[in-house]
Amino acid sequence: MTAKLLEIENLHAGAAGKEIIKGISLSVNTGEVHVILGPNGSGKSTLMNVIMGHPGYMVTEGKICFEGEDISGLRSFERARKGLFLSFQTPEEIPGITVENLLRTAKQAVTGKFQRIYAFRKELKAMMEELQMDPAYAERDVNVGFSGGEKKRNEILQMLMLDPKLALLDETDSGLDVDAVQIVSRGVSKFHNENNACLIITHNTRILEKLEVDRVHVLIDGKIVEEGGPELIEKINRSGFGKIRER
Amino acid sequence: MEQKKTFVEDIERTLYDIRNEDRSVYKTERGLTEEIIRDISRQKKDPEWMLDFRLKSLEKYYQIPLPDWGPDISGLNMDDIVTYVRPGGKMAGNWQEVPEEIKATFDRLGIPEAERTSLSGVGAQYDSEVVYHRVQKELSDQGVIYTDFETAVHEYEDIVKEYFMKLVPPKDHKFAALHGAVWSGGSFVYVPEGVHVDIPLQSYFRLNAAGAGQFEHTLIICEKNSSLHFIEGCSAPRYNVTNLHAGCVELYVKEGARLRYSTIENWSRNMMNLNTKRALVEKDGLIEWVSGSFGSRVSCLYPSSILHGENARCEFTGVTFASRGQDLDTGATVVMLAPGTSANINTRTISKSGGAATYRSAVKVAPGARGAKCLVNCESLLLDEKSRSDTLPVMDIETDEVEIGHEAKIGRISDEAIFYLTSRGIGEEEAQAMIVRGFVEPVAKALPLEYAVEMNNLINMELVGGMG
Amino acid sequence: MTQDIFSEIPLRTWRWLGVNEALLPEELQQVPNDLSNKNTQSFPEKLPWEMPEQISVPAGETVEKIFVFRSEQVTNIRAEVARGGTLNLICIQLLPTDKAYAGKVLVTAGEKAKINYTAVEVGAVHTLTNLQIELDGNGSAADVAAVYFGDADRRLDLNYVITHKGTDTDADMQVRGVLQDASDKIFRGTLDFRQGSRGSVGREKEEVILLNEGIRNRSVPLMLAQEDAVNGQHAVSAGHMDRDKLFYLMSRGLDEKEARKLAVGALFATVLERVPDADLREEISREVEERIEHGQR
């Protein structure tokens with residue numbers, strides 16, 4: 001059964017007095033996979049950050065509703081606790097905090113339940129193996145000295161462990177080799193089920209192979225200029241954004 | 001003007017006749033007299049040479065001016081020194097007299113009841129006393145001497161006479177001279193050749209028993225190929241009501257010996273902590289310093305390592321956290337005198353709520369110390385715009401066959417790192433605390449577990465305003 | 001007679017290190033104060049402190065000034081760079097080896113102004129320089145690059161201070177040097193982030209190559225911060241020449257001195273490239289090579 005999960009109405013947002021998102025409306029139901037396409041600088045990453053509540057961006061108009069509740073005034077940790085997750089395009093390196101420590105603390109915060117250390121470790125190890133990550137990485141500082149591919153896998157690991165209702169994936173596949181994209185793609189399809197949803201920014205159709213895309217939105221200059229089914233991906237891949245931009 | 005530094009005054013100081021200043025200092029300190037020193041000496045039943053030493057130190061104390069650099073210590077009333085050193089001076093007699101702020105800290109830290117009650121003196125030393133005696137038995141079986149300093153002066157007079165204030169001579173600086181004149185209490189440790197002391201020795205067992213004050217003397221001698229971990233417990237029961245601490249630590253690390261000296265200082269916020277710590281390291285020896293400075297109003301603390309023998313090594317790990325009203329000037333000095341000596345200095349400083357933290361260091365490589373290596377890494381974190389942080393290292397190198405590297409960074413927690421953590425559902429204060437704990441991780445790693453936990457708790461208290 | 005203090009460390013430290021201040025050598029203290037005397041040329045090579053060379057860069061313009069000091073023993077330059085202006089200031093000190101030299105440079109930068117400062121300190125038996133750059137304007141920037149070469153019993157005392165006052169200022173201080181024989185050098189480099197300098201960034205790096213026992217190198221990188229929203233870093237590396245590099249060069253048939261010349265040339269290259277005059281660059285390189293050739297070891 002489907003229910004409205006995310007509903008964005010006429011969203012305007014920007015940073016330092018400059019409007020980047022210029023009136024976006026978007027709706028995602030449980031069980032769905034949505035894809036956002038758009039040229040560089042069109043505001044895709046900004047949109048993701050605004051949905052997640054990045055304090056560097058100001059919402060000037062419109063609202064973001066999650067499960068029927070307006071969350072535009074909530075802090076990022078409150079949004080995470082409601083079931084949002086952002087896989088960062090360039091994940092931060094955080095010295096001194098291990099992957100395990102981050103995830104256990106986050107899982108406790110998100111679920112509100114104490115995580116027994118051994119049970120948690122077991123779960124983490126299993127998940128890491130599934131993503132073909134060396135379990136030794138659990139003891140390493142978050143993203144410090146990780147390669148591009150390892151950072152992205154670490155994002156997927158966090159998504160799977162925290163099990164959000166809505167996953168925002170910001171170019172999780174960019175800069176990865178074929179095998180790494182496969183692993184990430186498998187991770188996303190493992191995560192996705194009828195009770196959650198994904199909103200994906202990508203330049204790469206390979207990550208979508210194991211997923212059934214419900215809706216595609218084309219974002220240009222802070223506005224959604226075209227929407228459609230999965231066939232739109234093909235169309236863009238063939239002829240680029242030029243045609244759409246002309247309209 | 002945004003920045004008022006004292007250098008105008010400093011110019012004058014360098015130009016004026018220094019003796020002028022001495023006289024004025026002398027006047028304000030008339031309180032500390034030869035009579036008082038003789039009185040202390042009598043009460044301690046000092047041998048003649050020690051009385052002599054005290055009196056000569058007093059002379060030096062009169063002569064030496066206050067340093068013309070470092071934090072402002074003008075709030076220090078030198079006249080009060082008389083009060084501090086007067087035997088039977090005002091120490092907290094029992095738990096009820098301990099200020100609420102300190103009690104609350106103990107409560108939040110979860111300092112065991114036994115240690116806490118030991119503050120109240122005789123009544124309740126049962127637990128630590130038992131532990132202490134057991135440790136004492138194990139150690140004496142190995143020939144290790146571990147005793148309070150007054151006892152050492154009498155029972156191990158020859159050793160004390162040979163080493164006492166040879167490494168930190170009273171002429172070193174004004175507070176070393178003061179220490180030489182009025183020292184009281186402290187620890188004496190002698191580890192014989194080849195003996196490895198497995199359990200860390202914690203000074204507060206001793207200090208409670210001795211009822212030591214703020215001029216305590218620590219003398220540790222590690223003979224050839226021995227090893228020891230000594231923990232100076234300044235965080236818990238060493239609370240006191242007076243406001244000057246001028247202790248002295250002298251460490252002798254002989255050939256092939258290893259000594260780790262750990263301290264977490266959390267003095268009450270009215271304290272001027274002007275402590276002198278120095279280690280002399282012989283061939284193939286290793287001194288490891290782990291130093292955490294959290295408390296006090298003013299701290300000047302720069303443990304120094306004199307790498308005297310070939311391939312002698314120094315590892316220094318320090319963290320300083322300066323909050324409201326604090327001016328913590330900390331760091332290290334290393335003097336490399338022999339070929340193949342090496343040093344690693346790794347520090348983290350944090351300033352918050354108007355606190356000032358200074359990292360100050362000196363690395364000296366003498367002529368002939370060929371193959372010397374020294375790496376310094378210091379990072380400073382500012383948590384708000386009211387605080388300040390200064391980094392002032394000096395490298396003084398007199399030989400070419402060296403590898404000297406120094407790196408320092410200053411800045412604040414990145415907003416992006418906070419966003420990353422909060423986007424995972426972690427609250428903002430906790431995210432900040434996690435990052436700060438991560439920042440001091442290199443130090444926490446070097447500490448015994450219970451001290452690492454304590455340090456984390458101190459950070460949490462500063463950042464989140466409480467635990468849990 | 002007490003000597004005048006020429007430059008000072010912004011924050012004092014242990015006296016035994018001898019880095020808190022630089023005193024003016026006695027021979028330079030006799031600078032006449034009487035300016036009417038100027039034409040009599042009693043000390044023709046000296047410029048009185050009271051009469052700084054003034055440079056003023058108008059808004060939006062670029063000015064380039066190259067000074068080559070061959071006989072002046074005391075120099076004093078004061079520059080103001082107005083909004084959006086750029087000053088390329090190049091100071092090359094090639095005094096004879098029996099003279100002392102003391103040079104002051106004070107630059108203030110307005111909004112979005114830029115100062116590129118290049119210094120070459122290879123002359124004089126005793127060199128003192130004091131460079132102060134005040135980044136007053138928001139978005140102003142300083143790019144400082146300097147090389148020094150110490151040999152024989154030469155003494156160098158360099159004191160560089162960049163003060164970040166405006167918001168979003170940027171400072172880069174790169175200093176490279178070589179010491180041989182019994183030369184003695186002190187370099188104090190300070191990045192001072194004042195309150196209100198939000199968004200400012202500063203980098204400082206000193207690289208010193210030590211060619212023999214007997215030198216004395218004192219490196220004092222300071223970083224002062226009264227503002228949290230800044231990013232500062234400094235680094236110092238000091239030591240002998242890279243052994244592998246030396247071996248590589250010598251395996252190609254170069255003797256040790258030739259190898260040193262090449263390595264020193266490589267170290268100095270990025271700074272010397274900022275000197276626009278090819279003849280001048282050539283002259284500096286030749287001077288340095290000659291000194292390496294005549295090194296005592």
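A crossing of two helices is left-handed if the near helix is turned anticlockwise from the far one by less than a right angle, and right-handed if clockwise. Helices (H or I, at least four residues) and strands (E, at least two) are DSSP runs, numbered from the N terminus.

The model is predicted: local features need pLDDT of at least 70, side-chain atom pairs count only at pLDDT 80 or more, and totals for chains, interfaces and linings use all residues. Residues are numbered from 1 along each chain as its sequence is written, while chains are lettered from A and ligands numbered from 1 in the order in which they are written.

**Exercise 1. Describe how helix 3 of chain B packs on helix 4 of chain B.**

Step 1: Find helix 3 at residues 34-43 and helix 4 at residues 48-63 of chain B. Their axes are 10 Å apart, at an angle of about 150°. (Axes are lines fitted to C-alpha atoms, for helices over the stretch in contact, and angles run from 0 to 180 degrees between N-to-C directions.)

Step 2: Name the arrangement. Angles under 35 degrees count as roughly parallel, over 145 as roughly antiparallel, 65 to 115 as roughly perpendicular and the rest as oblique. Helix 3 and helix 4 of chain B are therefore roughly antiparallel, and their crossing is right-handed.

Step 3: List the partners. B:Glu34, B:Ile37, B:Arg38 and B:Ser41 of helix 3 meet B:Met50, B:Leu51, B:Arg54, B:Leu55 and B:Leu58 of helix 4. (Two residues are in contact if their C-beta atoms, placed from the backbone, lie within 7 Å.) By class, this contact has 5 nonpolar, 1 polar and 3 charged residues. (Ala, Val, Leu, Ile, Met, Phe, Trp, Tyr, Cys and Pro count as nonpolar, Asp, Glu, Lys and Arg as charged, and the others, Gly among them, as polar.)

**Exercise 2. Work out which parts of chain B touch chain A and chain C.**

Step 1: Start with chain A: 18 residues of chain B are in contact with 24 residues of chain A. Helix 13 and helix 14 (428-439) of chain B each supply at least two residues of that side of chain B. The side divides into 7 nonpolar, 5 polar and 6 charged residues.

Step 2: Turn to chain C, where 43 residues of chain B are in contact with 44 residues of chain C. Helix 1 (7-15), strand 17 (356-365), strand 19 (388-397) and strand 20 (402-411) of chain B each give at least two residues. This side of chain B has 17 nonpolar, 9 polar and 17 charged residues.

Step 3: Look at the confidence. The predictor gives the complex an ipTM of 0.91 and a pTM of 0.83. Chain C averages a pLDDT of 90, and 92% of its residues score at least 70. (pLDDT is the predictor's confidence in each residue, from 0 to 100.) Over residues 32-47 of chain C, though, the pLDDT is below 50.
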